[in-house]
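Hello,

Here is the structure I promised to pass on. Please open it alongside these notes.

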Amino acid sequence: MDITRRGFFLISTGLLSSLIIKENAHAVEGRYATLVDITRCDGCSSEQIPKCVEACREQNRKRFPEPKKPILPYWPRKTYEDWSDRRDKIDTLTPYNWIFVQKATIEGRDIFIPRRCMHCDNPPCVRGCPFGALTKRPQGNSVINEGLCFGGAKCRDVCPWHIPQRQAGVGIYLHMLPKYAGGGVMYKCDLCKDRIEKGEEPACVVACRQRLKDNAVFTFGERRDIYGLAKQRKKKEGLYLYGDIQNGGTSTLYLSKVPFEAINRALIEKKDRFKMPVDVKNKIQTTFNPIGKAVLSMGFMGMAGAIVGAIISKRVHKGGDEDVRKD
Ligand code: SF4
Ligand code: SF4
Ligand code: SF4
């Protein structure tokens with residue numbers, strides 16, 4: 001059971017940032033937003049794989065998890081989440097598939113909806129992670145730090161759309177108490193963090209435009225412009241808008257000819273894992289209690305500090321070099 005100084009530093013700073021973040025929980029309108037016009041999406045029915053999905057997989061392939069096997073369940077669970085044998089699955093979100101194209105049938109007509117992280121303005125996933133493994137970036141994207149994530153899935157529990165997906169057998173928990181704490185690492189769309197920081201558009205946006213040209217489903221740009229365009233089209237074309245008020249506002253807006261209540265009903269009927277509820281309140285805004293959250297974070301800090309201390313003292317006792325050792 002080994003831990004590196006870097007790991008210790010990451011955990012400490014993660015926990016500290018978790019504490020700070022929870023004391024500053026408020027909505028942040030990031031720089032960018034995406035408009036997803038589902039009136040234009042045909043699900044890439046003429047293609048082998050939807051182009052947006054293919055581009056995302058290509059863009060992120062190097063970051064996909066390579067679990068260490070055999071994977072052990074951790075107490076008290078008897079199961080774990082392992083998608084590594086189903087890497088080719090593209091019809092849902094997995095740690096290996098960060099966007100998928102959902103189908104809803106309404107009055108005999110198929111509607112196709114590309115689904116990925118909404119990049120909320122006040123993201124419960126960021127505020128809810130006890131280890132501070134998620135951050136909200138100035139560009140508007142919420143990002144998981146895979147080096148800090150224990151895979152407890154709190155981010156998925158608090159996400160109104162259950163977006164982050166867990167892979168067991170990877171991550172920092174393997175270096176600590178793998179039988180007792182952690183479940184892997186959570187994965188999701190980060191809005192192509194590296195690309196947008198360089199001023200490039202996300203890979204899914206580019207791929208759809210290469211196929212559909214001026215009629216592309218995604219429009220990516222400055223948030224004010226995207227919100228303006230979405231509201232203008234809603235009014236002028238009598239469309240329905242989703243994502244502007246849900247969960248207190250997001251960086252992902254959907255436009256549809258069909259009301260989102262009907263889409264959500266169709267998804268419920270087909271027992272889809274991912275729904276589109278219209279009435280989504282932001283739990284952080286409605287239940288935020290800075291004192292309670294701070295106490296909770298300090299509890300986690302103490303717990304993790306004790307674990308880390310125990311591990312380091314065990315390593316020193318073994319007479320090993322406590323600096324860096326890899327499995
Ligand atoms: S969003 Fe574009 S690339 Fe993705 S399935 Fe729809 S048409 Fe194809
Ligand atoms: S959609 Fe879910 S995972 Fe994405 S930012 Fe919002 S709460 Fe987090
Ligand atoms: S923004 Fe990037 S990471 Fe997110 S779904 Fe699109 S290609 Fe994938």
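Below are the ligand shells first, then the hairpin, then some backbone details.

Keep in mind that this is a predicted model.

**Ligand 1.** The shell here has 15 residues, and C41, C44, P50, C52 and C208 come nearest. Helix 2, strand 3 (109-115) and helix 6 each supply at least two residues. Helix 6 gives the most, with four. By class, the shell around ligand 1 holds 11 nonpolar, one polar and three charged residues.

**Ligand 3.** There are 14 residues around ligand 3. Nearest are C56, C189, C192, P202 and C204. Helix 2 (51-60) and helix 6 (203-212) each supply at least two residues of this shell. Here helix 2 gives the most, with four residues. The shell around ligand 3 divides into 10 nonpolar, two polar and two charged residues.

**Ligand 2.** This ligand is surrounded by 13 residues. C117, C120, P123, C125 and C159 are the closest. The classes in the shell around ligand 2 are 10 nonpolar, two polar and one charged.

**Helix 2.** Which residues of helix 2 are buried? They are K51, C52, V53, A55 and C56.

**The hairpin.** Strand 2 (residues 100-106) and strand 3 pair in the antiparallel sense, over seven bridges. F100 stands opposite R115 in strand 3. The two strands form a hairpin with two residues between them. E107 sits in that turn, with a positive phi of about 50°. E107 is not a glycine. Is E107 buried or exposed? E107 counts as exposed, because it has 7 C-beta neighbours inside 10 Å, and the cut-off for exposed is 12 or fewer.

**Other backbone points.** K271 also has a positive phi, about 55°, and is not a glycine. K271 is found in the loop between helix 8 (260-269) and helix 9 (283-287). K271 counts as exposed, because it has 7 C-beta neighbours inside 10 Å. Finally, a cis peptide bond joins K69 and P70, with omega about 0°. P70 is in the loop between helix 2 and strand 2.

Best wishes

Definitions and conventions
Residues are numbered from 1 along each chain as its sequence is written. Chains are lettered from A and ligands numbered from 1 in the order in which they are written. This is a predicted model: local features need pLDDT of at least 70, side-chain atom pairs count only at pLDDT 80 or more; totals for chains, interfaces and linings use all residues. A residue is near a molecule or strand if its C-beta atom, placed from the backbone, lies within 6 Å of it. Ala, Val, Leu, Ile, Met, Phe, Trp, Tyr, Cys and Pro count as nonpolar, Asp, Glu, Lys and Arg as charged, and the others, Gly among them, as polar. Two strands pair if DSSP finds at least two bridges between them. A residue is buried if 20 or more other C-beta atoms lie within 10 Å of its own, exposed if 12 or fewer, and partly exposed in between; C-beta atoms are placed from the backbone.
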